[in-house]
Amino acid sequence: MALCRLNGIPARWQSGWDTFPNSTTIHDWCEIYLAPYGWMPVDPYMGIYAMRYATTLKDEQRREIRDFFFGGQDWYRMAANSDHNQPLTPPKNSMRSDDVDFQRGELEWGDHNIYFDQYSYHLDWKEVSADVKRE
């Protein structure tokens, strides 16, 4: 993001979840603004991962995956934030556990924050068919 911004390319931070089958985890990536297309996802981590760890693929296949993540987004991605460090509504009475994003949510009791290591969470997700009939 910093390199894009230094070169006049609007860039912003995005975070959310990777919801791969049998594996869900929080994840952050970048979006850059390209007219006339708008905000496009760019995930250097996934590109690097493909180049470094997809060793059973041919070089051409790994490059194809790397290039996909420059403007493409896999269908296992769920965006949770379109910006960072935003105020909560209603505001918390206590310090936030994470003042950058909101991937796991925030909990408090009275005026006491409940930190991530004091509770467990689980993301349940369901694939929805695109051919849902509308009435």
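Is Tyr49 buried, partly exposed or exposed? Select Tyr49 in this predicted model: the residue is partly exposed, with a relative accessible area of 42%.

A pair of aromatic rings is described by the distance of the centres and the angle of the planes. For Tyr49 and Tyr53 the centres are 5.0 Å apart and the planes stand at 45 degrees.

Next, select Tyr33 and Trp39. Their aromatic pair is edge-to-face, with 5.4 Å from centre to centre and 70 degrees between the planes. Colour the two by accessibility: Tyr33 is partly exposed at a relative accessible area of 37%, and Trp39 is partly exposed at 33%.

Arg12 lies over the face of the Trp39 ring, 4.1 Å from the ring centre. Trp39 thus has two entries on this tour: the ring pair with Tyr33 and the charge of Arg12 over its face.

For another charge over a ring, select Trp29 and Arg77. The charged end of Arg77 sits over the ring of Trp29, at 4.5 Å from its centre.

Last, select Phe20, Trp75 and Tyr76. Ring pairs link these residues into a cluster. Across the model, the count of aromatic pairs comes to seven.

Note on methods. Residues numbered from 1 in each chain as written. Predicted model: local features only at pLDDT ≥ 70, side-chain atom pairs only at ≥ 80, totals over all residues. Heavy atoms only, no water. Phe/Tyr/Trp six-rings, centres within 6.5 Å; stacked < 30°, edge-to-face > 60°. Buried < 20%, exposed > 50% of the residue type's maximum accessible area, 1.4 Å probe, protein only. Lys NZ or Arg CZ within 6 Å of the ring centre and 35° of its normal.
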